Amino acid sequence: MPGGRRIAAVTDAHFDVAAGECLTLIGESGCGKSVLASALLGLLPANAQAAGEARLGELNLLAADERTLARTVRGRMVGLVPQSPAAHLTPVRTIRSQLEETVGALTDARERTAVRAAAEAAAERAAFPTDHLGLHPHELSGGLAQRAATALALVGDAPLLLADEPTTGLDRDLVDHTVDELRRHVDDGRRALLVITHDLAAAERIADRVAVMYAGRIVELADAKAFFGAPGPRHPYSRGLLQALPDRAFTPVPGMPPELGDLPDGCAFAPRCDRVADACAVRPPTIAGIACHQPHVPERLRA
């Protein structure tokens, strides 16, 4: 950053996603979710650095050069539904031409009618109306642009699909359709899905496991059924997210998240937490999927 200042946008991100599984990554805006997604595809800005490993098969995505990422990874090994779809669509070309080019690049279809049929099939999977395929991106609503980007991501049947806020701008019926189609992408057991979302209802519908990020760190990793049902999340922040839902307590998490450039020495959530204790002055380690000194303990596990 200017003046030589360094900011750790994502720290200690340890997780895996298996074939046939969906992991959802949730958390407030600015916590680092999209930065993590960008790192996996080599799309970080020039002033960013990534350390560690992100393995897809034998390939370490964080160490791959731009040629490998462009020709081998993006679209082929990792499909992306981008957070800002309108910015990722080519403005001077119709959605049909972009879909057909993608089909030609990522599939075996070569004959004109086969390419056209495959493009239309991808559009239908994403609930993008085929009679709108002749439109340019600037002629689309936000929801239509979102569906166009989803269709493009589904074309290659990539081993890993990374969907960053894939339901933005969609009404509830389209949210459910999109989530179900993304889920079908992995249900054959050969592909994996990482979904970044603010929509906890969508996360509950699609996820096998849930990762919760706060201030650049994954603070809880849990089975989705246990997280959204009983016994519920164990991290106080995770519980606060669920309690903020209209169909639950409708009570917001108090306070504001910290700036990533000004994190406290101890637990980053401590200033907003109703379970804070002296131990929270020290940064909590991650144990059994929880980074918290004072996690909620299910009744059956209490002495």
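Me: How many of the eight residues of helix H10 are buried?
Reply: Six of the eight, so H10 (residues 236-243) is mostly covered. Buried means under 20% relative accessible area, exposed over 50%, and partly exposed in between, with a 1.4 Å probe and protein chains only. Helices (H or I, at least four residues) and strands (E, at least two) are DSSP runs numbered from the N terminus.

Me: What should I know about the model before going on?
Reply: The model is predicted, with local features needing pLDDT of at least 70 and side-chain atom pairs counting only at pLDDT 80 or more, while totals for chains, interfaces and linings use all residues. Residues are numbered from 1 along each chain as its sequence is written, and side-chain values use heavy atoms, with hydrogens and water left out.

Me: Back to H10. Which of its residues are buried?
Reply: Pro 236, Tyr 237, Ser 238, Gly 240, Leu 241 and Leu 242.

Me: Take Thr 24. Where is its place?
Reply: Thr 24 is in strand E1. It counts as buried because its relative accessible area is 0%.

Me: What does Thr 24 touch?
Reply: Leaving out residues up to four places away in sequence, Thr 24 touches Val 195, Ala 203, Ile 206, Ala 207, Arg 209, Val 210 and Ala 211.

Me: Which element gives the most to the lining of the largest pocket?
Reply: H1, with five residues. Helix H1 (33-40), strand E2 (55-56) and strand E6 (192-196) each supply at least two.

Me: How does that lining of the largest pocket divide by class?
Reply: There are 28 nonpolar, seven polar and eight charged residues. Nonpolar covers Ala, Val, Leu, Ile, Met, Phe, Trp, Tyr, Cys and Pro; charged covers Asp, Glu, Lys and Arg; the others, Gly among them, count as polar.

Me: What is the volume of the second largest pocket?
Reply: About 630 Å³. Of its 24 lining residues, Arg 74, Gly 75, Leu 80, Thr 102 and Leu 152 are the closest to the centre. Strand E4 (78-81) and helices H3 (85-88), H4 (95-106) and H6 (142-154) give two or more residues to the lining. H4 has the largest share, five residues. By class, this lining has 13 nonpolar, seven polar and four charged residues.

Me: How many cavities of 30 Å³ or more are there?
Reply: One. The space in the largest cavity is about 50 Å³. Its lining consists of His 235, Cys 267, Phe 269, Ala 270, Cys 273, Arg 275, Cys 280, Cys 292, His 293 and Gln 294. That is six nonpolar, three polar and one charged.

Me: Changing topic: how many salt bridges in the whole structure?
Reply: The search finds 23, a salt bridge being a side-chain nitrogen of Lys or Arg within 4 Å of a carboxyl oxygen of Asp or Glu. One of them joins Arg 272 and Glu 28 at 3.0 Å, N to O. These two are 244 residues apart, with Arg 272 in the segment after H10 and Glu 28 in the loop between E1 and H1.

Me: Is Arg 272 buried or exposed?
Reply: Arg 272 counts as buried, at 8% relative accessibility. Glu 28 is partly exposed, at 21%.

Me: Which residue does Glu 181 meet in a salt bridge?
Reply: Arg 125, at 3.1 Å, N to O. Glu 181 is in helix H7 (residues 172-186) and Arg 125 in helix H5 (residues 112-125), 56 residues apart. Glu 181 is buried at 10%, while Arg 125 is partly exposed at 25%.

Me: And Arg 191, which residue does that meet?
Reply: Asp 188, with 3.2 Å from N to O. Arg 191 is buried at 9%, and Asp 188 is partly exposed at 37%.

Me: Which residues do salt bridges with shared partners join into one network?
Reply: Arg 96, Glu 100, Arg 112, Arg 116 and Glu 120.

Definitions and conventions
On a 1 Å grid over the protein atoms alone, a cavity is a set of points where a 1.4 Å probe fits but cannot get out, and a pocket is an open set with protein on both sides within 12 Å along at least five of seven lines; lining residues have an atom within 4 Å of a point. Grid points are joined across faces, edges and corners, and a volume is the space filled by probe spheres set on the points. Contact means heavy atoms within 4.5 Å.
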